Each structure stands twice: as C-alpha cells, then as structure tokens.
Amino acid sequence: MRAVLKMIAWRVAFAVPLLVTVTIGMFALAQASPFDPVRQYLGERALVTSPEVVESIRQNWGLDRPVLEQYATWFGNLVSGELGESRSLHRPVGEIIGERLGWTLLATGSALVLMFVGSLVVGTLAAWRRGSWVDRAITGGAFANEAAPVFWLGLLAIWVFAVQLGWLPAGGLTDAASTTISPADVAAHMVLPVAVLAISQSSWLVLYVRESVVGVLREDFVIGARARGLRERTVIVRHALRSALLPFLTLLGARMPELVTGAILVETIFSWPGVAAASVQAALAVDFPLLAALTLLGTAAVLVGNLLADIAYTVADPRVRTLGVG
C-alpha cells in the first residue's frame with residue numbers, strides 16, 4: 001500500500017504541470033490556427049453578415065483582447081470549474097461532457113475488457129502451438145491488422161455485417177424509429193464499434209503475449225513442471241501465462257493513447273454519441289471551449305490508464321513492493 005500511495009503522489013505531482021503545459025499548447029495552436037472561429041460559427045451566413053456584427057461577436061467572445069489576457073481568463077475559469085459554452089452546440093461544455101461521457105466509458109471499457117481477454121487467449125494459443133499453422137495464421141493476422149487503419153476496419157465491418165449480412169445495425173445508439181433506449185437495443189448497436197475498437201488495438205498485445213509465453217516456456221521452472229507430470233493446461237495457465245502476465249499489464253497501459261485515438265475514429269464512424277465523437281465535431285467547427293475540455297479529458301484518461309496499469313503491476317508482483325519500485 002505504501003508503494004502504491006507513493007506512486008500515486010509522484011504521478012499527481014507530474015500530472016499537474018503536464019496538464020498546464022497541454023493547456024498552453026492548445027491555446028498557442030488555437031491562436032496560430034488560420035481558421036477564424038467567428039466565420040466558422042457563422043458558416044455561409046458570414047458572406048451576408050455585416051462586419052459590425054462579426055466584430056460584435058468577436059468582442060463578445062473576448063477574441064479582441066490580448067492573447068495573454070485571453071489565456072489568463074480562460075485558465076482561471078477552467079480552474080474554477082467553468083468550462084464555458086460550446087460555440088457550435090450552444091450548450092454548456094460541462095453539460096455536453098456529462099451527457100456523453102457515460103457512453104464513451106461504456107464502449108471503451110467493454111473494448112478494453114475484450115482486448116485484454118482476447119489478447120491473452122489468442123497470444124497464449126499461438127505460443128502453445130508455436131510453429132504450427134495456427135501460430136502462423138495468428139501472427140500473420142496480427143501484423144496485417146496492425147497495418148490496417150481503424151477507419152478501414154470500421155467501414156469493412158459495416159459493409160460485411162450491416163450491409164451484406166444484415167446481422168447488426170450500422171451505427172447509432174438505437175434504431176432510428178425507436179423512441180426509448182432499451183438495454184437490448186444499445187447492446188446490439190455496441191457490438192460493431194466495441195469489436196472494431198478492441199480488434200484494432202490488440203495486435204501488438206497478441207504478439208507480446210505470444211513472445212512472453214514462448215520465452216517463459218523455455219524457463220527451468222516450466223520444464224520442471226512438465227517433468228513432474230503436470231497437465232499441459234496447468235503448465236500453460238498456472239505457470240507460463242501467470243509469469244508472462246506482469247509485463248503485459250504495463251504494455252496495456254502504454255496502449256492508452258492509441259485506445260483514445262481509436263475511440264475517436266470508431267465513435268465517428270459508427271455515430272456513437274460519446275465524447276470522442278464530439279471532439280471531431282468541435283475540431284471541424286473550430287469550437288475551442290469544447291475541444292480544449294475534451295483534449296484535457298483525453299490527456300487525463302491516458303495518465304489515469306497508465307497509473308492504473310502500474311498499480312496493477314505493483315499489486316500483482318511482490319518484488320516491486322519489496323524493492324519499493326514505483
């Protein structure tokens with residue numbers, strides 16, 4: 001427990017300046033952007049809107065003030081919990097995130113569990129059948145999957161399972177004609193985005209589990225377990241897989257940035273009403289208040305994911321606690 005608390009304290013101390021640096025970078029990029037948020041907000045109306053009205057909107061948003069003053073005002077509101085109002089959706093940013101965050105956590109959490117379990121099973125199977133056609137098929141499929149873009153996998157899944165076979169809905173949270181949200185309807189609409197997100201992020205995890213289990217199978221304690229007459233399943237699950245699992249936890253945490261990026265693409269392709277899809281809408285609309293809040297949320301998710309992975313590693317491996325590593 002002491003090692004875990006020490007790790008959390010160090011990570012929090014590191015996260016605060018990192019998040020502040022991210023806010024500075026976001027604000028600098030927003031100022032350097034060639035897109036005018038006012039004209040992007042007006043759209044085609046900008047062609048017929050008088051310059052006085054455009055300037056009035058600019059003053060109302062505080063865009064006519066010095067850059068440092070704008071940043072100080074925005075950062076002060078952020079610290080006080082005031083995230084501002086979305087310029088594209090015309091609603092408070094906090095309200096938008098509150099409505100969408102649960103759906104993102106549901107889809108991403110389900111994909112994370114599927115990715116974890118699937119990578120362990122498939123990677124262990126490839127290691128157990130090393131050199132066979134099963135191993136070659138899994139390894140080749142993992143490399144091919146890693147080379148395939150996430151959006152391509154999503155479009156392929158829609159074409160096969162929604163258009164050609166008609167087994168699953170192509171996107172959204174519920175059917176278009178539905179007036180209520182039922183668990184069965186949501187579950188059916190979750191299948192494709194969750195599966196695509198999990199599969200797209202699992203290639204290196206599968207390959208890592210395979211290599212780890214293959215290496216552990218050569219260790220003396222595994223050879224000794226086989227010499228004692230233990231069943232192969234016991235040797236694989238209780239000895240080889242258990243020893244190979246610890247570094248896998250850290251690697252899982254390192255995949256969090258890719259998981260966040262994949263969630264943005266998957267939610268956009270499947271019209272899933274989460275915060276990841278909202279970030280694309282905010283970027284296209286040059287909606288800085290919403291985009292800034294979602295970027296900070298994504299950064300925090302990466303930091304928390306890495307922290308949870310390291311905590312799991314510390315709890316699972318007594319050597320880390322004994323040596324005080326953290």
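In this predicted model, Asn 145 is found in helix 6, the helix that covers residues 133-147. Its relative accessibility is 12%, and because buried means under 20%, Asn 145 counts as buried. A polar atom of the Asn 145 side chain lies 2.6 Å from the backbone oxygen of Ile 199. When neighbours within four places in sequence are left aside, Asn 145 is in contact with Ile 199 as well as with Leu 153, Ser 200, Ser 202 and Ser 203.

Not counting residues up to four places away in sequence, Ala 188 touches Leu 168 and Pro 169. The C-alpha atoms of Ala 188 and Gly 171 are 9.8 Å apart in space, while in sequence these two residues are 17 residues apart.

| Helix pair | Residues | Angle between axes | Axis separation |
|---|---|---|---|
| Helix 5 and helix 9 | 93-128 and 203-217 | about 45° | 7 Å |
| Helix 7 and helix 12 | 150-164 and 256-269 | roughly 30° | within 9 Å |

For the pair of helix 5 and helix 9, which pack at an angle of about 45°, the angle makes helix 5 oblique to helix 9. Helix 5 passes helix 9 in a right-handed crossing. On the side of helix 5, the contact is made by Met 115, Ser 119, Leu 120, Val 122, Gly 123, Thr 124, Ala 126 and Ala 127, and on the side of helix 9 by Leu 205, Val 206, Val 209, Arg 210, Val 213, Val 214 and Leu 217. Sorted by class, this contact of helix 5 with helix 9 has eleven nonpolar residues, three polar residues and one charged residue.

For the pair of helix 7 and helix 12, the axes cross at roughly 30°, and because angles under 35 degrees count as roughly parallel, helix 7 is described as roughly parallel to helix 12. The crossing of helix 7 and helix 12 is right-handed. Helix 7 contributes Val 150, Phe 151, Gly 154, Leu 155 and Ile 158 to the contact, and helix 12 contributes Gly 262, Leu 265, Val 266 and Ile 269. The residues of this contact of helix 7 with helix 12 divide into seven nonpolar and two polar, with no charged residues.

How values were computed: Residues are numbered from 1 along each chain as its sequence is written. This is a predicted model: local features need pLDDT of at least 70, side-chain atom pairs count only at pLDDT 80 or more; totals for chains, interfaces and linings use all residues. Side-chain values use heavy atoms; hydrogens and water are left out. Contact means heavy atoms within 4.5 Å. Helices (H or I, at least four residues) and strands (E, at least two) are DSSP runs, numbered from the N terminus. Buried means under 20% relative accessible area, exposed over 50%, partly exposed in between (1.4 Å probe, protein chains only). A polar contact is a pair of N or O atoms within 3.5 Å; within protein, one must be able to donate a hydrogen and the other to accept it, and residues adjacent in sequence count only if both atoms are side-chain atoms. Axes are lines fitted to C-alpha atoms, for helices over the stretch in contact, and angles run from 0 to 180 degrees between N-to-C directions. Angles under 35 degrees count as roughly parallel, over 145 as roughly antiparallel, 65 to 115 as roughly perpendicular and the rest as oblique. A crossing is left-handed if the near helix is turned anticlockwise from the far one by less than a right angle, and right-handed if clockwise. Ala, Val, Leu, Ile, Met, Phe, Trp, Tyr, Cys and Pro count as nonpolar, Asp, Glu, Lys and Arg as charged, and the others, Gly among them, as polar.
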